[in-house]
Amino acid sequence: MNYVIVYWSRYGNGKKVVDYLAGKLNEKKGEVKIFKTDEADPTAMPEADLYVFSAPTEAFNVQKNMRKFMKKLEGMEENKYGIINTHSMERNCLHKMEALLAKKKMVKVTGVDFKVGKDANAGNGLVEGWEAKVDEFVEKL
Ligand SMILES: Cc1cc2nc3c(=O)[nH]c(=O)nc-3n(C[C@H](O)[C@H](O)[C@H](O)COP(=O)(O)O)c2cc1C
């Protein structure tokens, strides 16, 4: 399987998740390309069997760069995706990511969220056990 991961991360918590995810997919013989939002062209996405989008919640919404990226996506109809959201408050914004991708007629496979706690601003906010959550996510992809 070919995977394309597009992420945006301010402090590195989400980046940790996608790096770990990429390692797990590699272990399953998956071919993985990772792009930060400014490293990929949403109007000409590379081919993949599955796309993963990862972003934090900021200001009660999907972080702005990712939101813009998703709005600009072209030619992604019927393509499958998984989504990842990091957030510090109780509620996650996976549903908002899903709504943006539904407009592009992409097909959701699964989503996972990670609540960040103390030290999130230093990139160390992921709560113990987060790797197991990524492992479960990988199984569903
Ligand atoms: C400007 C700003 C606004 C934020 N707003 C929210 C918010 O509305 N809800 C929330 O749950 N977390 C909010 N957060 C916390 C981020 O979700 C958290 O810092 C992020 O998930 C950490 O991931 P990262 O290290 O990959 O950036 C905010 C953080 C920043 C910097």
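Q: What do the residues of the shell around the ligand divide into, by nonpolar, polar and charged?
A: In this predicted model, the shell around the ligand divides into 7 nonpolar, 9 polar and 2 charged residues.

Q: How many residues surround the ligand, and which are the closest?
A: The ligand is surrounded by 18 residues, and the closest of these are S9, Y11, N13, G14 and P56.

Q: Which element gives the most to that shell?
A: That is β3, which gives 3 residues to the shell around the ligand, while α1, β3 and β5 are the elements that each supply at least two.

Q: How many residues does α1 have, and what does it reach from its first C-alpha to its last?
A: α1 has 15 residues and reaches 22 Å between its first and last C-alpha, which is close to the 21 Å expected at 1.5 Å a residue. Just after this helix, K29 takes a positive phi of about 70°.

Q: Where else is there a positive phi in a residue that is not a glycine?
A: K105 has a positive phi near 60°, and D119 has one of about 70°. K105 is placed in the loop between α3 and β6, whereas D119 is in the loop between β6 and α4.

Q: Is K105 buried or exposed, and what about D119?
A: K105 counts as exposed because it has 10 C-beta neighbours inside 10 Å, and D119 is exposed too, with 12 other C-beta atoms within 10 Å; the cut-off for exposed is 12 or fewer.

Q: Changing topic to the largest nonpolar core: which residues touch the most other members?
A: Those are I5, V52 and F53, out of the 33 residues in that core. The elements that give two or more residues to this core are β1 (2-7), α1 (13-27), β3 (50-58), α2 (64-72), β5 (80-87), α3 (94-102), β6 (107-115) and α4 (130-140), and the largest share, 5 residues, comes from β1.

Q: What does V52 touch, leaving out residues up to four places away in sequence?
A: With those left out, V52 touches Y3, I5, L21, Y81, G82 and I84.

Q: G82 is on that list, so to speak; why does it count as buried?
A: G82, which is found in strand β5, counts as buried because it has 21 C-beta neighbours inside 10 Å, and the cut-off for buried is 20 or more.

Q: Which residues is G82 in contact with, beyond its neighbours within four places in sequence?
A: Beyond those neighbours, G82 is in contact with L50, V52, V109, T110, G111, F137 and L141.

Q: Stepping back, what pattern does the chain follow along the sequence?
A: The chain has 4 helices and 6 strands, in the order β-α-β-β-β-α-β-α-β-α. Its radius of gyration is 14 Å, close to the 14 Å that the globule rule gives for 141 residues, so the chain is as compact as a globular protein of that length.

Q: And what percentage of the residues count as buried?
A: Of the 141 residues of the chain, 33% count as buried.

Terms used. Residues are numbered from 1 along each chain as its sequence is written. This is a predicted model: local features need pLDDT of at least 70, side-chain atom pairs count only at pLDDT 80 or more; totals for chains, interfaces and linings use all residues. A nonpolar core is a set of buried Ala, Val, Leu, Ile, Met, Phe, Trp, Tyr and Cys residues joined through C-beta atoms within 7 Å. Two residues are in contact if their C-beta atoms, placed from the backbone, lie within 7 Å. The expected span of a helix is 1.5 Å times one less than its number of residues. A residue is near a molecule or strand if its C-beta atom, placed from the backbone, lies within 6 Å of it. Ala, Val, Leu, Ile, Met, Phe, Trp, Tyr, Cys and Pro count as nonpolar, Asp, Glu, Lys and Arg as charged, and the others, Gly among them, as polar. The radius of gyration is taken over C-alpha atoms; the globule rule is 2.2 Å times the number of residues to the power 0.38.
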